[in-house]
Amino acid sequence: MLDVTFKDYLLTPATAAYLARQHGLMIDGQSVAALSGKRKAIYDPASEEEITTVAESGAEDVDLAVRAARAAFEGAWAKVTPSQRGRILNRIADLIEANGDELAELECLNSGKPLQFCRNVDIYGVADMFRYMAGWATKITGDTHNPSMPGEWHAYTLRQPVGVVGQILPWNFPMNMAAWKIAPALAAGCTIVLKPAEATPLTALRIAELALEAGLPAGVLNVVTGKGSIIGDAITNHPGIDKVAFTGSTEVGKHIARSCVSSNLKKVSLELGGKSPVIVFPDADIDAAVAGIAGSIFFHAGQVCAAGSRLYVHDKVYDRVVEAVAARAKALKVGPGMLPGHDLGPVISRAQHESVMSYIEKGRGEGAEVVTGGRSLGQKGYFIEPTVLANTGPGMTVHDEEIFGPVLCAMRFDEEDLAGIAARANASPYGLSSSVWTRDISVAHRLAKMIQSGIVNVNAHTSPDASLPYGGYKQSGWGRERGAEVLDLYTQIKAVAVKLA
Ligand code: NAD
């Protein structure tokens, strides 16, 4: 069902009440207006209607947030023991689950992702991330060392929180990305100034309220909403911020890295774009592969950094696989995520819709065959048909660039040489995720070594577990989020050397 209005949705009372509120910035434990008094409308990408407004901050609000975060870092938060930090994180997880219906509806309304995914996948993942990181709070330790310097020494390392961190989020998974950033920073003992994406601030603001309810001291988690070019820049250039963690496009990531270096050489970690390869061998379980391929590129209308957007299928099974993926694409129901029965929602905005449609047109112009899809849907909302393109390859825009929409580029291979197959998969400036579909464990493990990406999945395309490090090779980023590895981003090591004699 397309061309709906906001009134067609059945909202729970909690969601309706939340939308009706005047949302402020979260600074020092209080919801406050922007100093300028400015507000910004927030839209539902399925109906294009305004759903609420939030405060639109400027650099002066970021400054207040940084001061609050610094005061909390040196004051109340420094007095909280690791065990208490873990308890607070667990309580946040409990409150996320207890308020799961409301958070899922807000996420669906704001990001366009179908409600059943927000309710069944996102809420679980967000709560799980807080619980996983709760466990780490008491396990962040240093080492003892045996120096060979003359004399007698007692030497050890302290692993300490990095300080006040600025966290900048994208719009595709607003709640998950918030959890991936907030939970490890709190576990490590840092304080936070968080900037959600301009279009999708609602769930981050709600999580900040729940965190206070869970016992997080005021000033530890501050949320500022507004434009990346203004407050994002204010965060990356602020001398009072010690580290920036960013998730978003490679282009903005490079700009952020430059600002972090030229301001106060603050530490920076980057989770950036992708153009992830999917490689299917003839011995694979083809039905499972087809389901995995379709899921990886069409889930959330392809607005997934790890989306499997470059498909390489062995010649022997190419026709069968591409036909079956196209049949699945055709069968997917596209429509507002708030109404039941839809597999794909809209893309986030008119600008994103235009960008994806222009990629499809460029693909056609460069000789790609549209196997299925390729059209915009409905008069209202930013809907696009799940699309499969064949006859694509290196040098074509649709193959080389991240589209961030429901568009798959299918290619065939016939070489048996794994190095040649890996070279094709690696022919991209990105290196975020990948998948290999085969029953041959030797092929799987050898390719896993050769593929240049932060994640290699075998007989699956996604592995969204809090314990697995996540991040990019090449221009897909710096650093790893999730797993124990993320703690390296939020802590620093101090060597203490004591001359005993
Ligand atoms: P984006 O780069 O446009 O924006 C990301 C964030 O940066 C937003 O909060 C935005 O307001 C802010 N920003 C914009 N200009 C800024 C500036 N000058 N200074 C500081 N901040 C600024 O990305 P997007 O369109 O929101 O998200 C899509 C991109 O994110 C895709 O490329 C996708 O692959 C990537 N992504 C990566 C991961 C990952 O884990 N690797 C996860 C999700 C999304």
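## Terms and basis

Ala, Val, Leu, Ile, Met, Phe, Trp, Tyr, Cys and Pro count here as nonpolar, Asp, Glu, Lys and Arg as charged, and the others, Gly among them, as polar. This is a predicted model, in which local features need pLDDT of at least 70 and side-chain atom pairs count only at pLDDT 80 or more, while totals for chains, interfaces and linings use all residues. Residues are numbered from 1 along each chain as its sequence is written, and side-chain values use heavy atoms, with hydrogens and water left out.

Rolling a probe the size of a water molecule over the atoms shows where empty space is left. On a 1 Å grid over the protein atoms alone, a cavity is a set of points where a 1.4 Å probe fits but cannot get out, whereas a pocket is an open set with protein on both sides within 12 Å along at least five of seven lines; lining residues have an atom within 4 Å of a point. Grid points are joined across faces, edges and corners, and a volume is the space filled by probe spheres set on the points. By this rule there are four cavities of 30 Å³ or more.

The largest cavity has a volume of about 70 Å³, and of the 13 residues that line it, the closest to its centre are Gly 302, Ala 307, Ser 309, Ile 403 and Phe 404. The lining of the largest cavity has seven nonpolar, four polar and two charged residues. The second largest cavity has a volume of about 60 Å³, and of its 14 lining residues the closest to the centre are Pro 277, Ala 425, Tyr 430, Gly 431 and Gln 452. Its lining divides into five nonpolar, six polar and three charged residues.

Strand 3 gives the most, with four residues, and the lining as a whole divides into eight nonpolar, two polar and five charged residues.

## Helix 6 and its partners

Two packed helices are described by the angle between their axes and the distance between the axes. The axes of helix 3 (residues 82–98) and helix 6 (residues 174–188) come within 9 Å and cross at roughly 160°, which means that helix 3 is roughly antiparallel to helix 6 (axes are lines fitted to C-alpha atoms, for helices over the stretch in contact, and angles run from 0 to 180 degrees between N-to-C directions; those under 35 degrees count as roughly parallel, over 145 as roughly antiparallel, 65 to 115 as roughly perpendicular and the rest as oblique). Arg 85, Leu 89 and Ile 92 in helix 3 are in contact (heavy atoms within 4.5 Å) with Ala 183, Leu 186, Ala 187 and Ala 188 in helix 6, and by class this contact has six nonpolar, no polar and one charged residues.

Helix 5 (residues 115–136) packs with helix 6 at an angle of about 10°, with the axes 8 Å apart, so helix 5 is roughly parallel to helix 6. The residues of the contact of helix 5 with helix 6 divide into twelve nonpolar, two polar and one charged.

Technical notes: Helices (H or I, at least four residues) and strands (E, at least two) are DSSP runs, numbered from the N terminus.
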